[in-house]
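Me: I am new to this structure. Please take one part and look at it closely, then show me how it sits in the rest.

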Amino acid sequence: MNEADIAFPHLGIYISSLPKGITIGGFTIAYYGLIIACGMVAGLLLARWQAKRSGQNPEIYMDYIIFGIIFSVIGARLYYVAFRWEDYKDNLLQIFNIRGGGMAIYGSVIAAVLTAIVYCRIKKYKFSLFADTAVLGLILGQIIGRYGNFMNREAFGGYTDSLFAMRLKTSQVSLSNVTEQMWDHAVEKNGVSYIQVHPTFLYESVWNLVILFLMIWRSKHKKFDGEIFLMYLVGYGIGRAWIEGLRTDQLQIGDTGIAVSQVLSAVLALGGIVYWIYRLRKVKKEKPDEPAIDNQ
């Protein structure tokens, strides 16, 4: 028990052996990839369920998912590379080495939204309605996908001794993400060194789960198309701005020390709140006596 790969000591949880993947015929399949794939499938199923629930054709979302996945992966990689350019400028071929790690969820989200805009324009489908439906699948995929980070022992926060503190073997994490404070509080058990950190994957997945339930509830009471998408921007943005501040593997803006995802989250949350208030006031002005669905 003392030599567990991962432990939550204050909760009495010890995971003795947790490999990062499985090997079949000499080829290793990372659990990270399998979990991301499961998240995509689950997200599609939820979007199709919401489409049926709201009287839409579920096949619209089935047709989109192929393009959405392809460009989301490209976007996630390009976003990461853009803010870690120093690691790739002298070896451009490494940009294509996705198996070596380096994906950013915001790049994926941005690419998915841009793809959806183009898709809706080609299909002559209302983007705001599409976004309200698809975003439920997006956040579910994010909830599940964070457990890929758990399996990889990555995207963790700084040192903590709180109730949910997580211990990781130093031999299984990227040492570039281990801070001096973590080393100062490192724990050694039977000759094995551990760092103790914030399980930010857990914080974000639980936060997003709450947002998801609120979005599903609100979808039956929304005042205009696009409102659920705004809920996502605000809810996810607020949570991510807080959680990103805990992480030690932040993508930063040049040499400023400022986390780009933290800034982007705050901007999206603030912009979402302002636009949400504006649209609610507009709807109330147009139809003051009854709830309205904006069909512009």
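Which helix is Val260 found in?

Reply: Val260 is found in helix H8, residues 260-286. Helices here are DSSP runs of H or I with at least four residues, strands are runs of E with at least two, and both are numbered from the N terminus.

A word on the model before going on. The model is predicted, so local features need pLDDT of at least 70 and side-chain atom pairs count only at pLDDT 80 or more, while totals for chains, interfaces and linings use all residues. Residues are numbered from 1 along each chain as its sequence is written, and side-chain values use heavy atoms, with hydrogens and water left out.

Back to Val260. Its relative accessibility is 9%, so Val260 counts as buried. Buried means under 20% relative accessible area, exposed means over 50%, and partly exposed is in between, with a 1.4 Å probe and protein chains only. What does Val260 touch, not counting residues up to four places away in sequence? The list is Tyr79, Phe83, Leu251, Gln252 and Ile253. Contact means heavy atoms within 4.5 Å. Phe83 is 177 residues from Val260 in sequence, yet their C-alpha atoms are 8.4 Å apart in space.

Leaving aside neighbours within four places in sequence, Gln250 is in contact with Glu244, Gly245 and Ala259. Ile105 lies 145 residues away from Gln250 along the chain, and 12 Å separates their C-alpha atoms.

Gly245 also gives a contrast. Ala37, in helix H1 (residues 31-53), is 208 residues from Gly245 in sequence and 27 Å from it in space, C-alpha to C-alpha. Ala37 counts as partly exposed, at 35% relative accessibility.

Now turn to H2. Helix H2 spans residues 59-82 and packs with helix H4, residues 127-152. Two packed helices are described by the angle between their axes and the distance between the axes. Here the angle is about 75 degrees and the axes are 12 Å apart. The axes are lines fitted to C-alpha atoms, for helices over the stretch in contact, and angles run from 0 to 180 degrees between N-to-C directions. That makes H2 roughly perpendicular to H4. Under 35 degrees counts as roughly parallel, over 145 as roughly antiparallel, 65 to 115 as roughly perpendicular, and the rest as oblique.

Who makes the contact? H2 supplies Ile60, Tyr61 and Tyr64, and H4 supplies Leu129, Phe130, Thr133 and Ala134. By class, that gives 6 nonpolar, 1 polar and no charged residues. Ala, Val, Leu, Ile, Met, Phe, Trp, Tyr, Cys and Pro count as nonpolar, Asp, Glu, Lys and Arg as charged, and the others, Gly among them, as polar.

Apart from neighbours within four places in sequence, Tyr64 is in contact with Ala112, Thr115, Ala116, Tyr119 and Phe130. Cys120 is 56 residues from Tyr64 along the chain, with 9.1 Å between the C-alpha atoms.

Two loop residues lie on either side of H4. Lys124 is in the loop between helix H3 (105-123) and H4. Its phi is positive, about 55 degrees, although Lys124 is not a glycine. Lys124 counts as exposed, at 75% relative accessibility. Ala155 is in the loop between H4 and strand S5 (166-169). Its phi is near 55 degrees, again positive in a residue other than glycine. Ala155, however, is buried, with a relative accessible area of 7%.

Last, the whole chain. The chain has 8 helices and 7 strands. Its radius of gyration is 21 Å, close to the 19 Å of the globule rule for 296 residues, so the chain is as compact as a globular protein of that length. That radius is taken over C-alpha atoms, and the rule is 2.2 Å times the number of residues to the power 0.38. Along the principal axes, the C-alpha atoms fill a box of roughly 70 × 40 × 40 Å. Buried residues make up 46% of the 296. Of contacts between residues at least 6 apart in sequence, 72% join residues at least 24 apart.
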